[in-house]
Amino acid sequence: MTDIVDELQWRGLIALSTDEDALRKAFADGPVTFYCGFDPTAPSLHLGNLVQILTMRRIQLAGNRPLGLVGGATGLIGDPKPNSERTLNAPEVVAGWVERLREQIERFLDFKGPYAATMVNNLDWTAGLSAIDFLRDIGKYFRVNKMIAKEAVARRLNSDAGISYTEFSYQILQGMDFLELNRRYGCTLQTGGSDQWGNLTAGTDLIHRVEPEADVHALATPLITKADGTKFGKTETGTVWLDPERTTPYAFYQFWLNADDRDVSKFLRIFSFKSREEIEELEKLTEERPQARAAQRALAEELTTLVHGADQCAAVVDASKALFGQGELAGLDEPTLRAALSELPHAKVSELAPVVDLFAEVGLVASKSAARRTVKEGGAYVNNVKVAAEDAVPAAEDLLHGRWLVLRRGKKNLAAVEVTTG
């Protein structure tokens with residue numbers, strides 16, 4: 001597919017557009033300079049942000065120029081949350097997060113060639129702006145009746161928390177971003193999530209008021225939902241972050257590997273850069289042989305490589321195989337092993353104990369007698385080695401990196417034991 005609008009539609013990435021036909025023409029006449037903004041409300045981006053970053057990458061690959069905006073100014077305010085006011089972070093904290101987010105975004109965009117990306121910070125054009133100038137030059141173009149009709153604002157107005165003037169003004173700041181980028185870089189398109197539609201159109205409305213002849217557009221991606229009703233980008237341990245210190249590459253890989261068969265087709269289209277033919281083949285495999293999880297594996301490997309690099313992906317694939325007896329546990333490096341075991345049921349013990357005690361302690365079986373039956377039936381493994389005797393006790397040299405044992409009951413039930421003292 002050569003038409004970027006057609007490709008985005010096929011991938012399910014267009015929820016709202018100010019004028020799809022006009023946008024299609026703009027791309028055809030291109031190149032289009034476009035932007036997407038990311039506020040530093042945390043020290044890392046997450047999977048929801050990744051939708052926007054990869055959409056930017058797709059549009060750039062189609063021959064257009066991206067501006068990656070990290071909101072050093074808007075991050076000091078925060079867009080309105082659905083039910084409560086945001087906690088305002090200290091300026092120095094926000095400044096540090098700006099740099100971290102900037103580095104994360106830069107990994108996904110190309111900064112060379114005719115469609116080179118540019119990183120921008122909206123603090124550059126707001127820091128020196130006085131309140132009087134802001135109200136006279138920008139605020140006069142906004143109508144309060146339209147501002148309160150925006151979905152995010154309306155929700156807060158109807159809540160017990162209400163909304164402060166600070167957060168109410170957020171849409172003005174974001175609208176000013178689009179105007180400023182239009183003036184500085186000739187930017188004519190803003191992309192974002194559908195939950196940001198009010199803020200996106202604040203920008204197009206402002207530009208049309210200031211420069212009525214300007215041809216500008218907004219494009220929103222849909223909210224990603226999961227078939228089981230749980231929130232996308234969340235696990236039992238919390239948000240899936242792009243920072244490996246907050247979500248390990250192993251946990252990141254497992255998130256995609258564990259995707260529901262009902263969701264994997266949608267995830268492939270949204271996140272993968274595989275061709276339409278490759279994706280449709282994976283969809284067919286999922287329908288015909290769901291137990292093989294070919295689509296999940298392909299997606300997990302592609303995204304882990306994209307976010308964390310080929311070496312980290314190879315390490316977590318090796319770890320995933322080794323845990324289930326398809327590789328050498330002793331060959332895994334300590335950080336990868338630690339990350340993999342952190343995702344399993346685990347227990348800490350102060351000294352080595354009989355295997356049946358450890359199986360019961362970690363919860364792989366209901367009792368020591370059940371553990372003895374598992375051993376007798378040949379279903380108990382320590383570090384992928386079958387336990388032959390009911391009174392077996394692991395030796396100190398069995399400890400992986402001097403600390404861990406991997407216990408397995410049958411083929412799929414795993415747990416970890418950490419020995420805290422020798």
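1. Which residues line the largest cavity? In this predicted model, the lining consists of Tyr141, Phe142, Arg143, Lys146, Met147, Lys150, Gln171, Thr201, Ala202, Asp205, Leu206 and Arg209. Helix 7 (144-147) and helix 11 (197-210) each supply at least two of the lining residues, with helix 11 giving the most, 5 residues. By class, the lining divides into 5 nonpolar, 2 polar and 5 charged residues.

2. The second largest pocket has a volume of about 1,400 Å³, and its lining is made up of 42 residues, of which Tyr250, Gln254, Leu257, Asn258 and Phe324 lie nearest the centre. Strand 7 (234-235), strand 8 (238-239), helix 12, helix 13 and helix 16 are the elements that contribute two or more residues to this lining, and helix 12 gives the most, with 6 residues. The lining comprises 15 nonpolar, 13 polar and 14 charged residues.

3. The largest nonpolar core holds 73 residues, and within it Leu47, Leu50, Trp256 and Phe271 touch the most other members. Helix 3 gives the most to this core, with 7 residues. If residues up to four places away in sequence are not counted, Trp256 touches Leu47, Phe232, Phe267, Phe271, Gln296, Leu299, Ala300 and Leu303. Another core, of 23 residues, lies apart from the largest one and has Tyr35, Met147, Phe178 and Leu206 among its members; of these, Met147 and Leu206 also belong to the lining of the largest cavity.

4. Helix 15 deserves a separate check of its geometry. At 1.5 Å a residue, the 15 residues of this helix (residues 294-308) should span 21 Å, and because its end C-alpha atoms are 21 Å apart, the model agrees with that expectation. The buried residues of helix 15 are Ala295, Gln296, Ala298, Leu299, Ala300, Glu302, Leu303, Thr304, Val307 and His308, and what covers them includes helix 3 (47-61), helix 12 (249-257), helix 13 (261-271), helix 14 (276-288) and helix 16 (310-323). Just after helix 15, Gly309 takes a positive phi of about 100 degrees.

5. Ser272 is placed in the loop between helix 13 and helix 14, and it counts as buried because its relative accessibility is 0%. Leaving aside neighbours within four places in sequence, Ser272 is in contact with Arg11, Arg58, Phe267, Leu299 and Glu302; two of these contacts, Leu299 and Glu302, are among the buried residues of helix 15. The C-alpha atoms of Ser272 and Asp311, which are 39 residues apart along the chain, are separated by 19 Å.

6. A cis peptide bond, with omega about 5 degrees, joins Gly30 and Pro31, and Pro31 lies in the loop between helix 2 (20-29) and strand 2 (33-38).

7. Positive phi values also occur at residues other than glycine. Asn383, in the loop between strand 10 (380-382) and strand 11 (385-386), has a positive phi of about 55 degrees, and it is buried because its relative accessible area of 16% falls under the 20% cut-off. His401, in the loop between strand 11 and strand 12 (404-409), has a positive phi near 50 degrees, whereas its relative accessibility of 41% makes it partly exposed.

Notes. Residues numbered from 1 in each chain as written. Predicted model: local features only at pLDDT ≥ 70, side-chain atom pairs only at ≥ 80, totals over all residues. Heavy atoms only, no water. Helix = DSSP H or I, 4+ residues; strand = E, 2+ residues; numbered from the N terminus. Expected span 1.5 Å × (residues − 1). Buried < 20%, exposed > 50% of the residue type's maximum accessible area, 1.4 Å probe, protein only. Contact = heavy atoms within 4.5 Å. 1 Å grid on protein atoms, 1.4 Å probe; cavity = no way out; pocket = protein on both sides within 12 Å on 5 of 7 lines; lining within 4 Å. Points joined across faces, edges and corners; volume = space filled by probe spheres on them. Nonpolar A, V, L, I, M, F, W, Y, C, P; charged D, E, K, R; others polar. Core = buried A, V, L, I, M, F, W, Y, C linked by side-chain atoms within 4.5 Å.
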